[in-house]
Amino acid sequence: TMFKGYEIVVIAAIAFLLRILFYFAYANNVLPWNDFDLYLNAAFSLHDGDLSLIRNFKDTFPYLQGFICWESIITALFGKNYTIFHFLDCIYTSTICVEIFLIARKINKNVGIISSILFAIWPSNIMFSSVISCQHIATSVYLLTLYILICCYEKNVQGKKEYLYHLVVGFLLGLGHLLHSISSVILIAILMTIIFSIIKQRGEHFGLRLTLCVLSVTVSYTLVTSAFDYYAYSKGYRDTFPVDNDLGYKFAIGLNLPDVSLKNNSTIRGEYFALDKDERKVYLKEIIYTNINMPRQTLERFIDKLKTQWTGYDRPYYYLYGGEISKLKVIVENGSATSRQISRYYVLQTLERPFNSFDGTYQGIIIILCLFGCLASIKKNESLVYPLISWILLGYIAAHILIEHQARYRYFGMPFIFIYAALGIESTVSLLGRIKNCSKINEKR
């Protein structure tokens with residue numbers, strides 16, 4: 001192999017160095033803003049014993065309280081140090097690259113190396129690693145969960161050890177849910193993988209084995225999430241147990257037809273939470289009926305969301321520099337900016353478009369290669385990786401058609417896109433090689 005057995009070390013080193021060097025060179029003095037600043041301030045306040053900010057999430061976004069608690073633990077260990085959070089995020093995203101390699105290696109080593117390197121040099125992720133986000137650590141935990149599941153079945157683990165594997169899978173999935181709540185789609189894909197894999201293997205007492213494996217995952221997952229829900233309730237972060245998590249607003253926003261209702265996401269969210277529970281159900285039903293009665297507009301909306309999900313800009317530049325640009329704009333326009341501030345303002349504004357164009361081109365190439373990889377995978381069914389990541393991607397796409405969506409929400413799905421892209425590259429190179437060999441044979445004739 002090209003790295004002579006040191007693939008993991010090389011991949012981790014490339015990924016980490018690109019991210020940490022970018023941070024110190026271009027983002028060291030950039031402060032968090034937008035939602036990311038909100039979460040971090042809530043963590044700092046929680047560390048100081050002030051529950052007011054974390055309680056602000058109890059009705060609208062209770063699932064974010066897990067990540068806020070994690071940030072408060074980091075604060076307790078290292079203090080209110082932004083650099084530590086950025087350093088950890090670079091570790092999380094570098095870990096993602098290694099996990100992509102480990103999962104894709106189950107297809108073959110070349111696909112593992114290519115996919116992980118492509119992700120490691122992905123401009124969007126290099127820049128977004130300097131944004132303190134729950135998506136980094138959550139994606140890392142979820143990928144570890146999938147890797148352990150794949151190992152369990154590819155090693156054909158049996159007996160008590162098999163159930164232990166499934167308990168760990170459920171535990172990690174629950175942990176990932178506390179950091180970023182996208183676990184429902186992954187849980188369904190994992191259960192489908194377990195069911196089809198065990199049915200395919202059959203064997204003695206396969207019905208009992210299937211039941212125990214499914215229970216091992218679901219029970220450990222439920223215990224982890226419920227334990228945190230009770231902890232949050234007992235500490236006063238929430239007013240109810242189990243958690244009263246009303247996700248109807250996500251469907252209200254996701255199914256909203258802006259061209260018809262003339263309402264944006266913020267308006268829908270505000271109107272929804274201003275209603276009581278019964279009124280919210282009526283509000284959501286009205287939006288659903290609008291979709292049913294206007295199928296053409298609904299289909300156009302779904303297609304537009306698909307385009308946003310896989311071809312829109314991730315906007316890491318905005319999430320990293322947007323707050324600073326807004327502040328500089330104010331002082332530049334009121335005439336109080338120094339020459340250095342004026343220069344930085346115009347540099348930041350000038351560089352955004354070329355970066356987005358470059359990053360968009362890179363992602364466009366990856367998506368095209370991914371489509372080639374999907375076609376190549378049709379005849380390849382020897383690995384558990386294909387059905388597992390395909391089910392997750394399909395579920396992820398379906399979920400984000402129905403609920404609120406932004407381009408950066410595709411983060412968790414991108415490792416699988418890169419795996420398929422690597423398969424597309426390998427298959428294309430292999431096809432070209434066969435064509436070349438055929439040409440040589442014909443020339444000899």
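Which helix gives the most to the lining of the largest pocket? The views below start there. All of them show a predicted model.

**View 1. The largest pocket and its lining.**
Helix α2 gives the most to this lining, with 5 residues. The space in the largest pocket comes to about 1000 Å³. A set of 42 residues lines the pocket. Nearest its centre lie Tyr63, His180, Ser181, Tyr249 and Lys250. Several helices supply at least two lining residues each: α2 (34-47), α8 (134-154), α10 (183-201), α12 (248-254), α14 (265-273) and α19 (385-402). Sorted by class, the lining has 23 nonpolar, 14 polar and 5 charged residues.

**View 2. Helix α10 against helix α19.**
Two packed helices are described by the angle between their axes and the distance between the axes. For α10 and α19, the angle is about 145° and the axes are 9 Å apart. Their crossing is right-handed. From α10, the residues in contact are Val185, Ile186, Ala189, Ile190, Met192, Thr193 and Phe196. They meet Leu388, Trp391, Ile392, Gly395, Tyr396 and Ala399 of α19. This contact has 11 nonpolar residues, 2 polar ones and no charged ones. Both helices also supply residues to the lining of the largest pocket.

**View 3. Helix α9 against helix α11.**
Helix α9 covers residues 160-179, and helix α11 covers residues 206-234. They pack at an angle of about 30°. Their axes lie 7 Å apart. The crossing of α9 and α11 is right-handed. On the α9 side, look for contact residues including Tyr163, His166, Leu167, Phe171 and Leu175. On the α11 side, Leu212, Val217, Tyr221, Val224 and Phe228 are among them. By class, the contact of α9 with α11 has 13 nonpolar, 7 polar and 2 charged residues.

**View 4. The largest cavity.**
The structure holds 3 cavities of 30 Å³ or more. The largest cavity has about 90 Å³ of space. Its lining includes Trp122, Ser124, Asn125 and Phe128. Asp314, Arg315, Pro316, Arg408, Arg410 and Tyr411 line the largest cavity too. Helix α7 (residues 123-128) gives the most to this lining, with 3 residues. The classes are 4 nonpolar, 2 polar and 4 charged.

**View 5. The second largest cavity.**
About 70 Å³ is the volume of the second largest cavity. Val30, Leu31, Pro32, Trp33 and Phe36 are among its lining residues.

The side chains of Lys109 and Glu7 form a salt bridge, with 3.3 Å from N to O. Lys109 belongs to helix α6 (residues 109-120), and Glu7 to helix α1 (residues 7-27). The two residues are 102 residues apart in the chain. In total, the structure holds 10 salt bridges.

**View 6. Two backbone details.**
Most residues other than glycine have a negative phi, and most peptide bonds are trans. Asn34 is not a glycine, yet its phi is positive, about 60°. Asn34 sits in helix α2. Where is Pro242 found? Pro242 is in the loop between α11 and α12. The peptide bond from Phe241 to Pro242 is cis, with omega near 0°.

Note on methods. Residues are numbered from 1 along each chain as its sequence is written. This is a predicted model: local features need pLDDT of at least 70, side-chain atom pairs count only at pLDDT 80 or more; totals for chains, interfaces and linings use all residues. Side-chain values use heavy atoms; hydrogens and water are left out. Axes are lines fitted to C-alpha atoms, for helices over the stretch in contact, and angles run from 0 to 180 degrees between N-to-C directions. Helices (H or I, at least four residues) and strands (E, at least two) are DSSP runs, numbered from the N terminus. A crossing is left-handed if the near helix is turned anticlockwise from the far one by less than a right angle, and right-handed if clockwise. Contact means heavy atoms within 4.5 Å. Ala, Val, Leu, Ile, Met, Phe, Trp, Tyr, Cys and Pro count as nonpolar, Asp, Glu, Lys and Arg as charged, and the others, Gly among them, as polar. On a 1 Å grid over the protein atoms alone, a cavity is a set of points where a 1.4 Å probe fits but cannot get out, and a pocket is an open set with protein on both sides within 12 Å along at least five of seven lines; lining residues have an atom within 4 Å of a point. Grid points are joined across faces, edges and corners, and a volume is the space filled by probe spheres set on the points. A salt bridge is a side-chain nitrogen of Lys or Arg within 4 Å of a carboxyl oxygen of Asp or Glu.
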